[in-house]
Amino acid sequence: MILFYIRVILAMGFTSDLLICTTLDCETKEEMLAAIDKAKEEGANLVELCIDSMSFSHISEVEHLLRLRTLPSIVSFRSNLLKGRECSGKKTGLQVLRLAVELDVEFVEIEYEMATEELISELMSRRSNTKIIISTYLQNGGGGCGSGTLCKEKLGNLVICLQSTGADVIKIVVDVAYITDVAPLFHLLAHSQVPLIARAVGDRGLISQLLGPKYGASVVWGSLGDKPVPGLPPLLSITQFYKLEHMNPDTKVFGVISNPVGHSKGPFLHNPAFRHTSYNGIYVPLLVDNIKEFFRVYSCSDFAGFSVGIPHKEAAVGCCDEVDPLAKSIGAVNTIIRRPSDGKLIGYNTDCDACITAIEEALRERRITNGQASHTSPIAGKLFVLVGAGGAGRAMAFGAKSRGARVVIFNRNFERAKALASAVSGEALPYECLDTYCAEKGMILANASAVGMQPNADQTPVPKEALRSYELVFDAVYTPRNTRLLQEAAEAGAIVVSGVEMFIRQALGQFKLFTGGLAPEDFMRQTVLEKF
Ligand SMILES: O=C1C[C@@](O)(C(=O)O)C[C@@H](O)[C@@H]1O
């Protein structure tokens, strides 16, 4: 495998390291050159220059650009963008490709649909070192193989067609509908006998970039600057957090299964922690629609462990072969590991302890300051007002109950609130009453709903006026770090506990389960404080 990986890179004309590429669509030569410099600064060592995006009145402008470029480049001219452009047309496209070959640009890319035998043999006869990439784009999982599913046969046939053109490198880009559609691309990469670029695009395709190098991909794509592109990791994250250049076939895969998943800071915590402890792992965002299907498709032992986020924590219980007793009683799993000895999926819950100990510690600190230290849990006997009855809410309700609190639950879906209340001998109240609820002074409020999470940071589950009845307010939402709820609770004089504290604690528990080793707590805390 490693030999093959080296061979591909050699065949692509580069002798070292992973190629980190970004696609540049700019109108002018000057903008292109500035974008190349920026890409270089952000860690790219290859750029894809989409010449069709430029408005130029004479080919000499393209010539200048190619002569002045400061990074190895792929020159492409996409035919689907030709329409309506001043300089457009097949003729211009061919002129650009010929020019790139004459100037010895590292790669030219031609769409399969445009790649006639004459054109390829002409470019081959004119070139010195330029490699020719023949590419094709498949919409929505490739179609024709069932809804959103990309079949191996279809891909295999495509490889044969592309290869028969005589291309130096073949490139297949698939617009995937589900994360499970990326698996056939990994299969293709791992078994390909020819230099191959296999990319998934769309927000469910992100792992094709982040895990590609494990399967032999020699090029990964990232997005430039802070303009997000669905399915692409920012270039800076590739170089600073994921460090894909260190990935190899033995790298273990971990990730957070969630929907949405973009808010998760897990990758920015677990990846540095893996490296800090010299553990060969990568932790990636996994935008999953159907968790059962995810585990059916990604069943190999290298997919070693998972955090489980919204809304999958309860369904995750049913995906595990064994569930730890605490997680079983809670009815929610936020951590799954694949047991190396037999490949079985084992579920745990690290949320419960993380949330309750964070609240206890904050209350204890206040008690100590007031000279009221005690050995019993400071939650015991308190009224614990919980907002949300999903996976995280369940963990909090069970944790509070185990410490002797009286639990009151508010949830938009009242039936769910009632079911959880009966499981913890608590009380469920209609959601409409939350705004004015004030059963007694000194209550604890815990928000386990997603209200207030980015991009809805202006929202809050409980109005400011109602917060005066609470001694402590906890918010499981950690993006933003200081939610509106927490800001207003602090103004109302309550002790506030941020979801970041719970996030760190649940992640420490997960790291131990993932690696079997101790979590580097100080390092992980510092990472969160510095980087979030
Ligand atoms: O609830 C959370 C947060 C999380 O989903 C995240 O990374 O955002 C990770 C989960 O393990 C945890 O239980």
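Reader: Before we start, what should I know about the numbering and the model?
Author: Residues are numbered from 1 along each chain as its sequence is written, and side-chain values use heavy atoms, with hydrogens and water left out. The model is predicted, so local features need pLDDT of at least 70 and side-chain atom pairs count only at pLDDT 80 or more, while totals for chains, interfaces and linings use all residues.

Reader: Which of the 13 residues around the ligand come nearest?
Author: Those are S264, K313, D351, Y478 and Q510, where a residue counts as near if one of its heavy atoms lies within 4 Å of the molecule.

Reader: And how far is the side chain of K313 from an oxygen atom of the ligand?
Author: An N or O atom in the K313 side chain is 2.7 Å from a ligand oxygen, and a polar side-chain atom of S264 lies 2.6 Å from an oxygen atom of the ligand. For Q510, the corresponding distance from a polar side-chain atom to a ligand oxygen is 2.8 Å.

Reader: How much of the ligand does the protein bury?
Author: Taken alone, the ligand exposes 320 Å², and the protein buries 90% of that, with accessible areas taken from the Shrake-Rupley method with a 1.4 Å probe.

Reader: Switching to S498, how far is it from N482?
Author: The two are 16 residues apart in sequence and 7.0 Å apart in space, C-alpha to C-alpha.

Reader: What does the side chain of S498 reach?
Author: The S498 side chain reaches the backbone nitrogen of V500 at 2.9 Å.

Technical notes:
A polar contact is a pair of N or O atoms within 3.5 Å; within protein, one must be able to donate a hydrogen and the other to accept it, and residues adjacent in sequence count only if both atoms are side-chain atoms.
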